[in-house]
Amino acid sequence: MIQVLFLVLFAEGAVAFLLMLKIGPLRELVMKTLDQLKTGKGPATMKTLACTLAVIFLSSIVNILNIQKRGLKLGTVTPMDQVLWRTHVLEASLTGYILFLAFVIDRLHHYLCKLTNLKKTVISSRDEVEELQKEQLRFKEKEIKSSDEIRKLKDEISVLNEKLQKLKSDSDEQEKRAISAEAHVSALQKQCEELLLEYDRLLEDNQILQAQALGYRS
């Protein structure tokens with residue numbers, strides 16, 4: 001029994017040492033083994049072993065107390081009781097150390113799992129931050145391009161406004177020319193009408209003169 005307890009204690013010490021120090025791929029191997037022990041029937045088996053060791057520990061404590069009480073009653077401790085007392089003390093110490101190391105290993109495994117998850121979260125967060133920074137740079141580039149395009153559009157709009165003002169001035173000038181041309185045309189029409197009236201008057205005068213000339217001849 002003592003040899004088995006020593007073997008378990010050394011095994012647990014080695015596992016705790018490998019969990020505390022990263023030696024090549026050994027920590028990952030131990031972590032995977034512990035993960036497998038915590039899945040399926042592993043937790044129930046480990047609880048059963050822990051309860052068994054706790055019973056052995058309590059039994060050793062009770063036997064130690066009984067031997068001490070018997071020694072107090074007798075006033076002396078027999079060699080056999082001394083051997084049993086030392087054996088039970090060793091068993092209680094070994095089982096106590098085993099239970100303590102099992103608790104330490106469980107906590108180390110738990111916190112290492114948390115640490116691994118935190119590292120993964122940090123890496124994913126870092127990737128997300130880098131992606132956000134890239135998107136921000138892209139947005140800034142797009143903003144710069146958009147500002148350049150807006151500036152170009154403003155320049156084009158100003159050029160078009162100048163052209164529009166020029167077209168308006170040309171249109172006003174053409175309208176003025178058209179009005180003056182219409183006035184000139186109306187003036188020419190009046191002049192033409194006056195000339196026609198004068199022509200008709202001259203024709204009448206000519207006819208009268210011709211008629212008078214014919215009367216003189218006759």
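I will start with a definition: helices (H or I, at least four residues) and strands (E, at least two) are DSSP runs, numbered from the N terminus. Two remarks on the source come next. This is a predicted model, where local features need pLDDT of at least 70 and side-chain atom pairs count only at pLDDT 80 or more, while totals for chains, interfaces and linings use all residues. Residues are numbered from 1 along each chain as its sequence is written, and side-chain values use heavy atoms, with hydrogens and water left out.

Now the overall picture. The chain has four helices and zero strands, and from the N terminus the order of elements is α-α-α-α. The radius of gyration is 60 Å, well over the 17 Å that the globule rule gives for 218 residues, so the chain is more spread out than a compact globule. That radius is taken over C-alpha atoms, and the globule rule is 2.2 Å times the number of residues to the power 0.38. Along the principal axes, the C-alpha atoms fill a box of roughly 200 × 30 × 30 Å.

Next, the surface. Buried residues account for 13% of the 218 residues. Buried means under 20% relative accessible area, exposed means over 50%, and partly exposed is in between (1.4 Å probe, protein chains only). The chain exposes about 17800 Å², and carbon and sulfur atoms supply 65% of that area. Accessible areas come from the Shrake-Rupley method with a 1.4 Å probe, and for residues only the protein chains shown count as cover.

On to the record. Residues 85–105 are 100% helix and 0% strand, and their end C-alpha atoms lie 30 Å apart. Residues 115–212 are also 100% helix and 0% strand, with 140 Å between the end C-alpha atoms.

Now contacts, meaning heavy atoms within 4.5 Å. Among contacts between residues at least 6 apart in sequence, 73% join residues at least 24 apart. Some residues show where such contacts fall.

Take E12, which lies in helix α1, residues 2–20. Is E12 buried or exposed? E12 is buried, because its relative accessible area is 13%. Leaving aside neighbours within four places in sequence, E12 is in contact with Y97, I98, L101, A102 and I105.

A16 is also in helix α1. With a relative accessible area of 4%, A16 is buried. Beyond its neighbours within four places in sequence, A16 is in contact with I105 and L108. A16 and A102 are 86 residues apart along the chain, yet their C-alpha atoms are separated by 8.8 Å.

E91 belongs to helix α4, residues 79–217. It has a relative accessible area of 14%, so E91 counts as buried. Which residues does E91 contact, leaving aside its neighbours within four places in sequence? They are M1, I2, L5 and S60.

Further along helix α4 we have V159. V159 is partly exposed, at 39% relative accessibility. V159 and C113 are 46 residues apart along the chain, and 68 Å separates their C-alpha atoms.

G215 is in helix α4 as well. Its relative accessible area is 43%, which makes G215 partly exposed. Between G215 and Q191 there are 24 residues in sequence and 36 Å in space, C-alpha to C-alpha.

Last, the charges. The mean positions of the 31 positive and 29 negative charges are 23 Å apart. Lys and Arg count as positive and Asp and Glu as negative, while His and the chain ends are not counted. The place of a charge is NZ of Lys, CZ of Arg, CG of Asp or CD of Glu.

That is where I will stop.
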